[in-house]
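I set out to record a few local features of this structure. The entries are kept in the order in which I looked them up.

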Amino acid sequence: MDEDRKQSAREAALAYHEFPTPGKLEVRPTKPMANGWDLARAYSPGVAEACVEIAANPAEASRYTARGNLVAVVTNGTAVLGLGNIGALASKPVMEGKAVLFKKFAGIDCFDIEVDESDPEKLADIVCALEPSFGAINLEDIKAPDCFVVEKICRERMGIPVFHDDQHGTAIVVGAAATNALHVVGKAFEDIKIVSTGGGAAGIACLNMLLKLGVKRENVWLCDVHGLVYEGREEDMNPQKAAFAQKSDKRTLAEVIDSADLFLGLSGPKVLSAELVAKMSKRPIIFALANPTPEIMPDEVLAVAPDAVMATGRSDFPNQVNNVLCFPFIFRGALDVGATEINDEMQIACVEGIAELARATTSAEAAAAYKGEQLTFGAQYLIPKPFDPRLSAIVSSAVAKAAMETGVATRPLADIEGYKEKLNQSVFKSALLMRPVFETAKKATRRIIFAEGEDERVLRATQAILQETVERPILIGRPEVIEQRCERFGITIKADRDYELINPENDPRYREYWESYHGLMSRKGVTPDLARAIMRTNTTAIAATAVHLGHADSMICGTFGEFRWHLNYVEQVLGCQERYAHGALSLMILEDGPLFIADTHVHQLPTPEQIAEAAIGAARHAARFGVEPKVALCSQSQFGNQAEGSGKRIRAAIALLDAGKQDFAYEGEMNVDAALDAGLRARLMPDNRLQGSANILIFGHADAASTARNILKMKGGGLEVGPILMGMGNKAHVVTQGITARGLLNMAAIAGTPVEDYG
């Protein structure tokens with residue numbers, strides 16, 4: 001069976017690399033190339049202007065070319081992880097993969113360059129000759145000690161960052177993991193004894209990093225396949241190993257492991273035994289980083305040292321030491337300030353950023369990517385997960401700041417906090433558009449109540465709300481369930497301190513709530529007994545009643561269940577204030593800008609009055625995001641070419657809007673392509689009232705609106721904010737079951753803004 005699984009995995013990996021297009025990379029243009037004018041600017045004669053500017057001032061290359069965001073991943077394939085010296089050509093899939101990681105995690109473009117050259121000095125000459133093309137060089141999978149030679153020459157001769165990730169990337173992540181492991185066990189760098197196996201590039205770099213972090217040189221014991229590296233040893237030595245030679249008559253790992261606080265393995269399988277672990281100090285730290293088989297397996301360690309803190313290089317065990325936590329972000333920070341090198345201070349800033357992030361509460365996005373894992377700082381969670389989106393802003397900005405402080409930045413940033421915000425915007429697509437809403441929410445004090453307070457997404461959103469706004473949320477849920485889930489998910493919020501709690505099973509306001517609800521619904525078939533039951537079990541009705549009584553300003557519900565079921569209870573309770581939903585508005589954040597769509601959920605077949613109300617409400621809400629509304633009322637009918645159907649209702653809605661003298665641009669009825677293509681619309685209706693592409697689409701049928709929303713979300717790469725419930729005075733919002741914790745945070749910001757101007 002194991003062989004079958006291995007074969008299946010092999011076939012899947014090969015298919016991944018072959019289909020639908022061979023390899024993992026392609027080159028795409030960033031400028032239009034649709035006509036002769038584009039060609040003239042991109043190539044001859046227009047390209048000469050950019051060339052002249054760069055010839056006069058080489059620094060302009062980062063302005064007029066992709067060089068400032070371009071990294072070369074260079075190897076000769078002599079030390080490919082787990083495969084050894086397979087040569088330059090066979091290493092290409094690995095280098096393509098590295099380039100993909102740069103792009104995925106930090107938005108950095110890469111060319112992988114595989115060089116068939118084994119002489120380190122000649123290889124260094126080749127790399128140095130590449131400097132005009134790239135903003136930085138990432139050396140990869142070059143065997144030791146050749147890698148030391150190549151990097152030294154390149155760093156001395158090149159004016160751009162040169163970084164051997166196998167050395168320094170590994171060292172940085174090990175440094176971060178060690179920082180936090182010592183935090184867990186209550187020890188300090190200057191006091192610990194380290195025993196290391198593996199005298200290769202990564203092992204030496206890790207030891208050097210640990211020295212920079214405070215470890216004493218005399219407390220480091222380095223072993224390799226020949227035993228202890230000691231003074232006077234001649235076999236298989238080089239200057240890098242010799243720097244760690246001990247003056248000792250001990251010769252084996254077994255002799256030096258006694259009382260060691262940290263074992264650092266970058267060697268091979270089964271190098272460390274359980275018997276040797278038992279000889280280490282109390283609460284030993286064991287980093288068994290050999291891949292794919294560690295120096296010792298976690299279960300073997302825990303059998304003899306249950307209190308040990310363990311890390312490996314594998315993703316199927318806790319605390320994976322993975323270079324992807326480092327290299328995309330250290331290059332991002334270095335490139336963005338035009339650093340001439342990646343120095344020690346920048347590397348230590350990277351260590352500290354990674355370590356601090358793990359000690360903070362985990363993000364909702366990381367929790368979603370690693371569902372089922374407990375991401376709470378401690379022995380099982382020393383370093384962040386690679387898909388934690390906060391890495392970009394925190395680590396890259398720390399690196400950029402260190403580069404500026406040490407004088408190696410040629411393009412220093414004026415505002416490091418603004419830079420961090422920009423990085424967040426590149427990760428969280430909604431961040432830029434939501435910024436004015438969050439700024440307004442920070443100045444307001446509104447009480448937001450979440451109907452489904454036990455949901456993990458709500459709990460994570462609550463944590464984020466406390467960090468990003470001044471609101472103190474209200475959660476409906478059982479206290480013991482919320483407490484257990486917070487502990488399981490590594491969420492640090494506490495009842496009373498961080499949020500107010502309404503416990504449906506036992507709350508002192510219960511009588512007030514059911515009597516109030518009964519008063520509203522007594523002539524709609526709700527008896528006192530039914531009102532009592534609803535106020536014990538129906539969290540949406542409870543939330544709506546809380547808003548009605550003034551105990552909260554706005555409610556958010558709908559993380560599970562059907563939209564209209566929730567809306568029914570919202571309108572039952574809050575409709576008594578003559579507030580009825582005019583429609584649901586979804587903001588789709590697309591690559592080329594925002595697009596609002598309505599009505600996606602409320603009115604299946606809206607009347608002309610409801611269509612007009614949706615258009616007015618959508619235009620008002622667009623202003624909250626700093627968007628000038630351009631409303632297109634969409635139908636299968638195109639400017640009156642169909643007498644019946646949705647076109648007829650939309651024409652009537654247009655008449656209602658005209659009668660009201662609106663303060664926003666609108667037009668219809670029209671097809672969606674005419675709404676989004678100003679040129680097409682001008683041919684069909686030369687005197688139409690819209691300029692440019694519409695940014696609000698109002699549909700005459702919920703099926704059409706919902707279909708457009710879902711296609712953009714699932715196939716168009718759109719990120720949804722909403723749905724925003726229009727017409728309820730910002731007192732209620734009903735979300736959908738697929739909403740994320742980030743989406744709930746966005747909705748809380750919307751609910752937390754003043755309502756006077758928006759409705």
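**Basis.** I worked from a predicted model, in which local features need pLDDT of at least 70 and side-chain atom pairs count only at pLDDT 80 or more, while totals for chains, interfaces and linings use all residues. Residues are numbered from 1 along each chain as its sequence is written, and side-chain values use heavy atoms, with hydrogens and water left out.

**Helix pair.** I looked up α22 (residues 510-521) and α24 (residues 539-548), whose axes come within 10 Å and cross at roughly 90°. Helices here are DSSP runs of H or I with at least four residues, strands are runs of E with at least two, and both are numbered from the N terminus. Axes are lines fitted to C-alpha atoms, for helices over the stretch in contact, and angles run from 0 to 180 degrees between N-to-C directions. α22 and α24 are therefore roughly perpendicular to each other (the term covers 65 to 115 degrees). In α22 the contact (heavy atoms within 4.5 Å) is made by Tyr-513, Ser-516, Tyr-517 and Leu-520, and in α24 by Ala-541, Ile-542, Thr-545, Ala-546 and His-548.

**Salt bridge.** I found 35 salt bridges in the structure, each a side-chain nitrogen of Lys or Arg within 4 Å of a carboxyl oxygen of Asp or Glu. In one of them, Lys-212 pairs with Asp-344, and the closest N and O atoms are 3.0 Å apart. Lys-212 belongs to helix α9 (residues 201-212) and Asp-344 to helix α15 (residues 344-359), so the pair ties together parts that are 132 residues apart in sequence.

**Backbone.** I noted that most residues other than glycine have a negative phi, and most peptide bonds are trans. The bond from Phe-19 to Pro-20 is cis, with omega near -5°, and Pro-20 lies in the loop between α1 and α2. Asn-291 and Pro-292 are also joined by a cis peptide bond, with omega about 0°. Arg-283 has a positive phi, near 50°, and is placed in the loop between α12 (274-278) and β9.

Terms used:
Angles under 35 degrees count as roughly parallel, over 145 as roughly antiparallel, 65 to 115 as roughly perpendicular and the rest as oblique.
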